[in-house]
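Please read the points below with the model open beside them.

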Amino acid sequence: MAAEPEPLLATDALRKEFGGLTATDDVSLTVSPGERRCLIGPNGAGKSTLLSLITGQLDPNAGSIRFAGEAIDGLSPHERIDRGLSVKFQVPSVYGEFSTRENLRLALQRRVSGEELEDAIVDSLSRFDLADEEYVEANALSHGQKQRLEIAMASALDPALLLLDEPVAGLSVEETQRIADLLIDLNESVGVALLVIEHDMKFVRALAERVTVLHQGSILIEGEMENVADDPAVRNVYLGEEV
Amino acid sequence: MSLRTVLDGPNTRGTSDRFWAAFGLAVVALLGYPLVASTYAVANAALFLLYAILGLSLCVIWGYCGILSFGQVAFFGIGGYTFGIVGINLSTTTGTALGLLTGVGVATLFAFVLGYFMFYGGVRDVYVTIMTLVVALVVHTFMGQTAGSEWAIGEAALGGFDGMTNIPNLMLGGIELIDTAFYYVVLLVLLGTYLGLRALVNSDFGRAMVAVREDEERTELLGYDTKRIKLLVFTLGGALAGLSGVLYASWGNYMNPAVFGITFAALPVVWVSVGGRDSLLGAIGATYAIEWFSQQLSITGSEYALVVVGGLLLVTILWLPKGVAPAVADWLSEKQSSPSIRGHEEVAD
């Protein structure tokens, strides 16, 4: 086998404690360039905390993070974004009082301007099927439209790694499938790696090449979905029993 | 790119042809005002207009970037005192021009340093408000105890609570700016400030400013350096307040520590709240109207001017929480769009 390519993202023994609770317990996770990875685990497993550590919204108590060949520990969130990270929050986090267009523009103007910016806005509106909502205030969008808008904004930065926290929570089956198709299309067309937290197993099956299961702050198992799903430890965790 | 594409955008309400026609008329009226009004009335109008620059300084940082500073008067006062110190020592054309530059420069620097320590020190939200107010009050106390003769810089005595007297008039191009000339300069500076801020808030940077106001964390995670944005906007606010203070010192030829006091500190907050936080024109209009009104009350012997102004603030917050200008704009656009089919143009509001 050829030598492993250098991972895009690598956390090394990352640890985060809140008082007596260890939310992230020595997590060493790697994501390869262009990979589609899902991060699953029951509530309280520490998935969102791990994401916040990667984006720099939280500082770890121990451990380190490398991204695109560089240590990013201590960098502020916007500096990490500049290096090719991008994030979609768990709660749809768009600017409610801005129109769809203005939301997209705010993200796109980070890298293009002038006519190119106009073109990019139009492209993005059509790609994420939001063209009819161009001038609609984001507050007035449906939940699914907001989710798509935020994914559009996060991908507008042209990241190497897109972090998505529950992108299909609360969505209908059709909307869920639509988001899965969009993300796969993004991944295949521009090669962006995806690290997705999700509870919807159907979505995870559709999207993920590899799955990492977190439980009580640490990695329980990692592998392809079929193998992971059949693992007795994972079954125990999801049935709510102690392993 | 035409001028209108620079000045119009999602962050200003008045963007229609009708708005700009009305705006043009208002400017013509203000330009013509000295032709019909007494020297005394023109001098008062100049004061209200220069206060409007102070109002704008708060409007841009609070209304557009979400930073409520209760201490804009600190930069205003520092600008004015600095102009006085330089002007008294060098009361020539170049001297007062230098005083203008130094006054604005020192106020800007002061805002930058204060802003740097606040924003990079993680001070946020209401703590910024408290800290800026405290800074103004500390300067107030400090300036109050500068009565002794040892508190003089060159010829300029700070004067404690009695204040600094004999500040010269600003001179530009060999012309001493008094009465009508001063009025016109203030009007032009205000006009330039207003148009400049319109262009700013509708630019890429302005959109990012408003994004910080709406959701700082989301904006940081779109890759914007939100601390730097806040620092730049706060510094700009300090510069504008300093400019207003320089004009004030030249207007009255006098500065005293009351400009750093809590009563005066509250006024910009009242002006901007009443006018509408995110309306530049609202801030200008409200500053002018409130100051005019409160002066009328004082002239007619009422001692309740401030109580009335405070009452006005309460009424606005209860009935028009977004301020007068946004309410008027909403009303106008409803009136216009309901019977006609021109709705699309108003979408940019």
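**Notes on the predicted model**

1. Chain A holds an open sheet of six strands in the order 7-8-9-4-10-11, with mixed pairing. Strands pair here if DSSP finds at least two bridges between them. Strand 7 (85-88) and strand 11 of chain A are the edge strands, each pairing on one side only. On average, neighbouring strands of this sheet are turned by 20 degrees against each other, direction ignored. Helices (H or I, at least four residues) and strands (E, at least two) are DSSP runs, numbered from the N terminus.

2. This is a predicted model: local features need pLDDT of at least 70 and side-chain atom pairs count only at pLDDT 80 or more, while totals for chains, interfaces and linings use all residues. Residues are numbered from 1 along each chain as its sequence is written, chains are lettered from A and ligands numbered from 1 in the order in which they are written, and side-chain values use heavy atoms, with hydrogens and water left out.

3. Strand 9 (residues 193-197) of chain A is largely enclosed by the rest of the structure, because five of its five residues are buried. Buried means under 20% relative accessible area, exposed over 50%, and partly exposed in between (1.4 Å probe, protein chains only). A:Ala193, A:Leu195 and A:Ile197 point one way from the strand, and A:Leu194 and A:Val196 point the other way.

4. Strand 9 of chain A runs parallel to strand 4 (residues 36-40) of chain A, and four bridges join them. Across this pairing, A:Arg37 stands opposite A:Leu195, and A:Leu39 has A:Ile197 as its bridge partner. Strand 8 (residues 161-165) of chain A is also parallel to strand 9 of chain A, with five bridges; there A:Leu162 stands opposite A:Leu194.

5. Strand 8, helix 6 and strand 9 of chain A make a right-handed β-α-β unit. Right-handed means that, with the strands pointing away from the viewer, the path from the first strand over the helix to the second runs clockwise.

6. How do helix 5 and helix 6 of chain A lie relative to each other? The axes of helix 5 (residues 143-156) and helix 6 (residues 173-190) of chain A come within 11 Å and cross at roughly 10 degrees. The two helices are therefore roughly parallel, a term for angles under 35 degrees. Axes are lines fitted to C-alpha atoms, for helices over the stretch in contact, and angles run from 0 to 180 degrees between N-to-C directions.

7. In that contact (heavy atoms within 4.5 Å), the residues from helix 5 of chain A include A:Arg148 and A:Ile151, and those from helix 6 of chain A include A:Leu182 and A:Leu186. The contact residues divide into five nonpolar, four polar and three charged. Ala, Val, Leu, Ile, Met, Phe, Trp, Tyr, Cys and Pro count as nonpolar, Asp, Glu, Lys and Arg as charged, and the others, Gly among them, as polar.

8. In chain B, helix 8 (residues 204-214) has buried residues, among them B:Met209 and B:Val210. Their cover includes helix 3 (100-108) of chain A, together with helix 3 (39-63), helix 7 (179-201), helix 9 (216-220) and helix 10 (226-252) of chain B.

9. Most residues other than glycine have a negative phi. A:Gln216, not a glycine, has a positive phi of about 50 degrees; A:Gln216 is in the loop between strand 10 (210-215) and strand 11 (218-223) of chain A. At 47% relative accessibility, A:Gln216 is partly exposed.

Note on methods:
Angles under 35 degrees count as roughly parallel, over 145 as roughly antiparallel, 65 to 115 as roughly perpendicular and the rest as oblique.
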